[in-house]
Structure formats: C-alpha cells, structure tokens
Amino acid sequence: MSRPGFVLSVDAQTPPLVVFQGEKVLLERLPGGSSVLYPPDALPGIHQLDAEISHALAHPVDSEPLAALLHRDSRVTIVFDDLSQPITSRTAPDVRQRVIERVLELAAAAGVDDVELIAATGLRRRLTPYDLQRVLGERVFASFFPERLHSHDAEDGDLVSVGTAPDGTPIEINARVVSSDLVVSVRLATAVANEGAAAVATKLASARTARALTSPLVTAAGMGLGTGAGTTAFDGLVDTIGDSATVFTIDVTLTPEPTGPATAFLSKREREWSIGDRVLSAGIQAATKILPSRARVGLSQVSGVGYGVTSVLAGKPSSVHPLTETFLAQQQVGQVDAPADVAIFGIPNPAGVGTALNPVTAASLGLGQIFNGSTAEPVVRAGGTAIFYHPLTPWFHPLYHPAYVDFFADALSVTSDPRVLSSDFEDRFATDPWYRHLYQTSYAHHALHPFHAWYSAAPAIEHLGEVIFVGGNLESTRRLGFKAASTLNDALEMASDTVGLDPSITYVHGAPVSISEVS
C-alpha cells in the first residue's frame with residue numbers, strides 16, 4: 001500500500017514547489033493560502049518481472065491460461081502499444097518486449113506458426129524500424145520484420161466491417177485482427193480511464209470509422225470513441241472482435257513518473273528533500289537555463305532511467321480492465337474538498353517522445369488529459385481559470401507533423417470551435433491525397449490526428465472561463481484562443497477579471513498522469 005495523497009495548505013514555511021514547464025523544471029512560490037494537491041506515492045515496483053509475467057499468463061482473470069488458448073493451427077495476432085506510451089527502460093528491455101517474448105515462447109511450444117505483430121497506432125504515425133527495435137528488441141524485430149511486424153494502417157483497403165454504430169457508420173477494423181483466432185493485446189496502462197476497455201479495437205479502426213465516431217456532434221451524443229464510462233460504439237468489441245477473434249489482454253501498470261538517481265527527488269514532497277536533492281534540483285535548473293532548447297529536450301528524455309512496473313494482469317479484457325483501473329487509481333487519484341477558482345498545472349514533455357510537444361499537442365495534453373480526466377470531477381469550478389506552464393513553442397516535427405502545421409496555420413487561424421473545424425476543414429484534410437501518402441508511406445500522423453487532439457480539449461475549454469499559459473509563446477496562445485503570461489503573478493492578475501482578486505487556488509502537483517478528483 002502506497003502513502004496516500006494529501007492537500008497541503010501553503011504558508012510562509014512552504015518551500016518553492018516543483019513545476020514542470022516543457023523541458024524545464026521550475027521552483028515556484030505559490031500565494032499563501034493556496035492548496036497543493038499531492039498524488040499518492042507510487043506503488044513499489046516489481047523486482048522479479050519475468051516471473052510476474054509468467055504467473056499472470058498462467059493464472060489469468062476469467063480466462064484459461066494463455067498456453068491453453070494456443071493451438072497448432074491457431075491464427076494469432078499480437079497487438080502492442082506504440083510510442084504514445086513510454087519506453088519503460090533505458091538500461092533494460094522494454095516491458096512490451098519482455099511480455100511479447102514470453103508470449104512467443106508459449107506460441108512456439110504449442111507449435112503455432114501463424115503469428116503476426118501489429119503496433120496499435122490508430123491515427124498516429126507508423127513506427128520506424130528503429131522504433132520497433134526499441135520497443136520489441138533486436139531478436140523479435142529480426143524474426144518478424146517486415147512481413148509479420150508492422151503498424152496498423154487506418155487507410156488500408158482491406159479493413160473489415162464488424163458492425164455499425166448507432167448512426168449507421170460501419171465499424172471497420174484491421175483485417176488481420178478480425179480473421180484471427182486469438183488476439184493478444186499487450187497494453188501499458190499509465191492513466192486512469194485511458195481509452196477504456198475497448199482500446200484494442202479503437203486503435204485498430206479505419207480512419208473513416210474514427211472520423212465518424214470522433215466528430216464533436218457524435219461525441220456530444222455519447223456514441224463516439226470517448227474514453228468515459230458511457231456506452232460507446234465499441235462496447236461489443238472488448239472480449240471478442242468479429243466472429244472468431246477472442247481477445248486475451250495483458251495489462252501492465254507503470255509508476256506515474258520515470259525514476260532514476262538524477263530525478264528521484266522530483267517525485268518527493270519538497271519538504272522532504274535532502275541536501276543532495278536540493279543540489280540536484282539546482283543543477284537541473286541551471287542546465288535548462290544554459291542549454292539551447294533542443295539540448296534541453298534531450299536532457300529531459302535521458303534524465304530518468306525508466307518506469308517501474310507495478311502490476312501485470314492478464315485475461316478476459318472486461319474483467320481485467322476494472323482491476324487495472326483500481327490499481328492505477330491507488331497511485332494517481334487525489335481528492336480536494338471543493339473545486340477551486342483557479343487550478344495550476346505543469347506540463348512536461350513526456351519521456352519517450354523524443355521531441356518537444358507542438359502547441360496543439362501540449363494544449364490537448366494539458367486540457368484533455370490533465371484537466372479532464374474522465375473518472376474525475378474537475379478540480380476547478382465551472383467558469384474558473386486554468387493556468388498551465390508550457391512554452392507552446394510553434395515548432396512542428398517536419399516528418400511527423402505535416403498536417404499539424406497546416407491545421408495550426410490555416411484552420412486555427414480561422415476558428416478554434418471544434419464544430420466549425422469539423423464542418424469546414426475536416427473533410428479537406430481527411431481526403432487530401434498528399435497527407436494520406438505521407439501517413440501510409442512515411443512516418444506522418446494521419447491528417448485527422450490534429451483535429452481529434454483538439455476535440456479532446458473541447459470539454460475543458462467549455463467548462464473554463466479562461467485558460468492562461470505561463471511562459472507561453474504569444475502567437476501560439478492567441479492562435480489557440482488562450483492568453484500568455486510571463487509569470488504566475490501576471491497570470492493571476494489576468495485571471496482576476498474572471499475570478500476576482502482573492503481566488504481559491506489549487507496546484508495539482510506532479511506529472512500529467514495524476515488525476516484530480518473532487519470528493
């Protein structure tokens with residue numbers, strides 16, 4: 001059992017608090033009387049991970065052992081999370097590799113020859129050969145790439161319909177998955193309510209299906225790909241997909257933040273820092289001030305050794321998922337007595353991404369995942385102000401983000417309203433042959449990806465009266481419909497028009513996977 005989270009009331013004795021700002025780590029003093037919501041301490045990591053994996057596969061939840069589901073004539077597809085989830089270690093094999101190698105050992109022992117591996121990318125970019133080796137290791141990569149190891153293609157002409165949504169939209173899924181006898185889903189569970197129990201199907205859908213079910217109008221009606229607890233069009237595709245494919249899930253939960261000797265202090269409460277912790281803090285702050293921006297991104301990516309694995313659960317997805325959610329909630333959900341007038345969040349560049357967040361992604365991460373956790377009540381009241389720390393640098397990866405560049409420059413320069421973006425711009429982007437070519441043959445995100453990222457932020461934007469980014473690029477914040485402030489004091493002064501001169505303030509301490517819940 002980890003130490004539970006708690007709420008600290010800021011007073012004159014409170015030391016400066018850690019706040020993430022992109023690749024920077026700041027120490028900020030909050031006004032007296034502010035509340036600081038600390039998440040629970042991370043659960044202890046598993047030391048004998050390979051043994052834990054073997055035990056989970058041999059003793060699954062509401063399912064026969066994996067070995068009993070594998071037969072000589074089985075058609076088996078292993079589906080695994082892409083780099084939207086972090087590389088779990090920089091000094092040891094990634095946990096996906098360790099799980100998949102054990103699955104392949106069992107398949108080989110059963111005499112299974114028909115095995116294929118698919119990265120569940122959804123509308124995200126294809127994984128490069130280097131990416132695949134990082135996730136799966138050299139041995140698996142060399143054995144399966146390229147014929148039997150690849151990324152999902154949402155524009156593939158061989159996608160198969162397995163049903164229809166309430167509005168009649170066909171639900172099209174990866175053909176290999178639908179034709180399989182057994183689908184083994186290897187999932188890194190990093191946040192409460194992260195894409196729901198049916199995530200394996202949503203990440204293997206066609207672009208047409210994803211577009212129809214992520215429309216702002218459909219999502220508002222509760223029929224979309226939404227991550228909440230409500231009914232979605234994929235509810236029937238959790239334990240089985242199509243007529244024959246049985247899904248066996250392997251959920252791995254991680255510590256909320258990367259760990260390592262240079263950054264362990266960041267997960268501590270500031271009043272508990274040792275002298276050594278304070279020295280490390282000063283060193284990181286000095287480095288982020290001196291180094292150029294691109295070098296700071298590199299520093300943020302290597303500062304942690306890796307993520308700890310806190311549980312491995314396997315079996316029937318509809319039975320495993322609630323257990324995984326409960327496990328994650330123990331180390332992520334904190335409680336406050338009432339929503340505040342102002343909530344403050346830091347947004348780091350996530351470890352494993354390998355590049356700075358562009359403005360659209362940073363805003364959707366902050367508003368969609370930090371603020372609008374679907375199992376949590378907002379920590380800020382309706383009409384209140386959210387203050388985020390992120391530079392919103394208007395830089396886009398030239399290989400990964402060609403559609404983002406035009407979405408930011410053309411679409412958002414006209415409107416930030418999701419409904420108008422959907423009706424006036426989405427079709428042009430979705431049908432553009434050049435974007436489709438880059439998605440299918442290069443390593444670009446699908447043209448719909450920036451739209452869906454922005455739509456995920458819409459509920460939070462509608463809830464709030466004002467959104468302010470401390471240190472935010474002026475052009476970017478204006479383009480997104482937000483405000484930029486140089487300091488926290490400037491941001492609070494800007495917010496005074498909305499929340500008054502003496503607002504209640506809550507700072508949500510920690511990394512973005514921490515969910516804030518009002519009790």
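Student: Where does Ala430 lie?
Tutor: Ala430 lies in helix H15, residues 426-430. Helices here are DSSP runs of H or I with at least four residues, strands are E runs of at least two, and both are numbered from the N terminus. The model is a predicted one, so local features need pLDDT of at least 70 and side-chain atom pairs count only at pLDDT 80 or more, while totals for chains, interfaces and linings use all residues. Residues are numbered from 1 along each chain as its sequence is written, and side-chain values use heavy atoms, with hydrogens and water left out.

Student: Is Ala430 buried or exposed?
Tutor: Ala430 is buried, because its relative accessible area is 9%. Buried means under 20% relative accessible area, exposed means over 50%, and partly exposed is in between, using a 1.4 Å probe and protein chains only.

Student: What is Ala430 in contact with?
Tutor: Leaving aside neighbours within four places in sequence, Ala430 is in contact with Glu155, Arg211, Arg436 and Leu448. Contact means heavy atoms within 4.5 Å.

Student: And how far is Ala430 from His449?
Tutor: Their C-alpha atoms are separated by 9.6 Å, and the two residues are 19 residues apart along the chain.

Student: New topic. What about Asn358, where does that lie?
Tutor: Asn358 lies in the loop between E15 and H12. Asn358 counts as buried because its relative accessibility is 1%.

Student: Which residues does Asn358 touch?
Tutor: Not counting residues up to four places away in sequence, Asn358 touches Thr393, Trp395, Phe396, His401 and Tyr404. A polar atom of the Asn358 side chain also lies 2.8 Å from the backbone nitrogen of Thr361. That is a polar contact: a pair of N or O atoms within 3.5 Å, where within protein one must be able to donate a hydrogen and the other to accept it, and residues adjacent in sequence count only if both atoms are side-chain atoms.

Student: What does the side chain of Ser364 reach?
Tutor: The side chain of Ser364 reaches the backbone oxygen of Thr361, at 2.9 Å. Ser364 is in helix H12, residues 359-371. Ser364 counts as buried because its relative accessibility is 9%.

Student: OK, rings. How many aromatic pairs are there?
Tutor: A search of the whole structure finds 10 aromatic pairs. Rings of Phe, Tyr and Trp (its six-membered ring) pair if their centres lie within 6.5 Å; planes under 30 degrees apart count as stacked, over 60 as edge-to-face and the rest as tilted.

Student: Why is the pair Phe345 and Phe388 stacked?
Tutor: The ring centres of Phe345 and Phe388 are 5.3 Å apart and the planes are at 20 degrees, so the pair is stacked. Phe345 lies in strand E15 (residues 340-348) and Phe388 in strand E16 (residues 380-389), so the pair ties together parts that are 43 residues apart in sequence. Phe345 and Phe388 are buried.

Student: And Phe469 with Phe482, why is that pair stacked?
Tutor: The centres of the Phe469 and Phe482 rings are 5.7 Å apart with planes at 25 degrees, so this pair is stacked. Phe469 is in strand E17 (residues 466-470), and Phe482 is in the loop between helix H18 (474-480) and strand E18 (483-485). Phe469 counts as buried because its relative accessibility is 0%, and Phe482 is buried with a relative accessible area of 8%.

Student: Which residues form the aromatic cluster?
Tutor: Phe345, Phe388, Trp454, Phe469 and Phe482 form one aromatic cluster.

Student: What lies over the face of Tyr400?
Tutor: Arg125 does, at 4.0 Å from the ring centre. A charge sits over a ring if NZ of Lys or CZ of Arg is within 6 Å of the ring centre and within 35 degrees of the ring normal.

Student: Now the core. Which residues touch the most other members of the largest nonpolar core?
Tutor: Ile78, Phe80, Leu117 and Ile250 do, in a core of 43 residues. Helix H3 (residues 95-109) gives the most to this core, with 7 residues. A nonpolar core is a set of buried Ala, Val, Leu, Ile, Met, Phe, Trp, Tyr and Cys residues joined through side-chain atoms within 4.5 Å.

Student: Last one, what is the mean pLDDT of the chain?
Tutor: The mean pLDDT is 85, and 83% of the residues reach 70 or more. pLDDT is the predictor's confidence in each residue, from 0 to 100. Over residues 295-304 the pLDDT is below 50.
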